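Here's a quick tour for anyone meeting this structure for the first time. Have a look at it, then read on.

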Amino acid sequence: MLEKNQTRIVIAIDMDYFYAQCEELRNPEAKGKPVIVGMFSGRTEISGAVATANYEARKYGVKSGIPLARAKKLLEGVDHLFVHPDFPYYESVSSRIMGIIRSYSKRFAQESIDEAFIDITDTVDSDYKRAGELAKEIKERIRKETGIKCSIGVGPNKLIAKMACDSSKPDGLMIITPEHVEEFLKQKDVDSLYGIGPRTAERLKAMGIHTVGELAALSLEKLRREFGNRLGLYFYQASRGIDETQIEEKEREQLGRMLTLKQDTRDINDIKEALSMMAKDITQELKSNNLSYKSTTVTIIDTELKHHSRSRTLRAKENDAETAANIALELVKGLLDDKPEIFARRLGLSVSYLSKEEGQQQLTSFFA
Ligand code: DGT
Ligand code: CA
Ligand code: CA
């Protein structure tokens, strides 16, 4: 078991200042300026919090979670860009990035909109030198094909890979081999231990434990007495860099696209064109992942920003673009007939009840 662990190689990939970087991508004039993506809570013009900020804005102390009013104050007199979040856009950038990462290993797990882990032990035959080269290649491909900068950590497990990734930010690449795990962890603040929240970190600090090295000096018995069996064991293992979590893909439940129409419309030709574009895009992603679907859903967001959806579930599994586009078109027609007052501003298409085409999967992995 231990021997196997020493040769495992895991890569953690996390996009830098993700929402704000997506905004820079489509607003070239934002480059070099502080960029804030903020969520209004609705009560007043300025109530709400910062979702994220680029590194220019971070220089002024702006970061995720602080009130918008405070961010505005910190950037008073500074030429900056403030934008509302556009989740469908971030999702579309994310799904292209995930498509690239996924192509490097069958052991892939997307952890959030902007981060993923892959186990590349087999891909590089447990060789850290090759792992570093592969990490560099992934980084360059993401940059070239999507325009997005990321940070990458390479290590013997998920915990170390993630912490290496965080330490290398922004636009970094850090490789921690098993021999360097102890040295890497020793001086780290307990805050930075993956999976420890701010309240737990406070508790540790109140006990006089500030670094991971100090945490590792405590016995398992003491940790269990203080924190209970589960958390005690977690601290004992994590502070030694032990993490046996496997990297596995969770079953995807649905896959979709959403776009803003060229104009607010009820014209079925405009809608048909948008649907077939999204259907093609979706089926391409289905095919590259050997997936098929059973249910199709369309969503119209109208000019009042209200959502209207219709779904249909098929008897048989499907994976071609034409079927999805045809069903979606019928669903939209039905929706518009029922609601003569609405005009579509945005249009969404998604497929769900996904399943793997096992036969093909085996064939491709045999040749991979
Ligand atoms: P990084 O990774 O430090 O360069 O910066 P981000 O912004 O990529 O941070 P990360 O990876 O923790 O989060 C990914 C995205 O998730 C981020 O761009 C916006 C969103 N997000 C993160 N923290 C918050 C938060 O506190 N509130 C809200 N609404 N969104 C957040
Ligand atoms: Ca990030
Ligand atoms: Ca993240």
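Let's start with Asp14, which bridges the calcium ion (ligand 3) and the calcium ion (ligand 2), and these two ions lie 3.6 Å apart. Keep in mind that this is a predicted model, where local features need pLDDT of at least 70 and side-chain atom pairs count only at pLDDT 80 or more, while totals for chains, interfaces and linings use all residues. As for bookkeeping, residues are numbered from 1 along each chain as its sequence is written, chains are lettered from A and ligands numbered from 1 in the order in which they are written, and side-chain values use heavy atoms, leaving out hydrogens and water.

**The calcium site**
- The calcium ion (ligand 3) has Asp14 (OD), Asp114 (OD) and Glu115 (OE) as its protein donors, at 2.3 to 2.4 Å.
- Donors here are N, O and S atoms within 2.8 Å of the metal (3.2 Å for Na, K and Ca); water is not among the atoms, so sites may look incomplete.
- Along the chain, the donors of the calcium ion (ligand 3) are spaced D-x99-D-E.
- Asp114 and Glu115 are both buried (under 20% relative accessible area, with a 1.4 Å probe and protein chains only).

**The sheet**
- An open sheet of 5 strands runs in the order β5-β6-β1-β7-β8, with mixed pairing.
- Strands (E, at least two residues) and helices (H or I, at least four) are DSSP runs, numbered from the N terminus, and two strands pair if DSSP finds at least two bridges between them.
- β5 (108-112) and β8 (173-175) stand at the edges with a single partner strand each, so one side of each has no neighbour in the sheet.
- Strand β7 (residues 150-155) pairs with β8 in the parallel sense over 3 bridges.
- Leu173 in β8 is the bridge partner of Ile152.

**The cores**
- The largest nonpolar core has 37 residues, and Phe18 and Ile13 are among those with the most contacts inside it.
- Such a core is a set of buried Ala, Val, Leu, Ile, Met, Phe, Trp, Tyr and Cys residues joined through side-chain atoms within 4.5 Å.
- α5 gives the most to this core, with 7 residues.
- A second, separate core of 31 residues includes Tyr293, Leu314, Leu349 and Val351.

**The domains**
- The domain assignment, which comes from an automatic or database source, gives domain 1 (18-87), domain 2 (187-248) and domain 3 (254-356).
- Taken over C-alpha atoms, the centres of domain 2 and domain 3 are separated by 47 Å.

Terms used. Buried means under 20% relative accessible area, exposed over 50%, partly exposed in between (1.4 Å probe, protein chains only).
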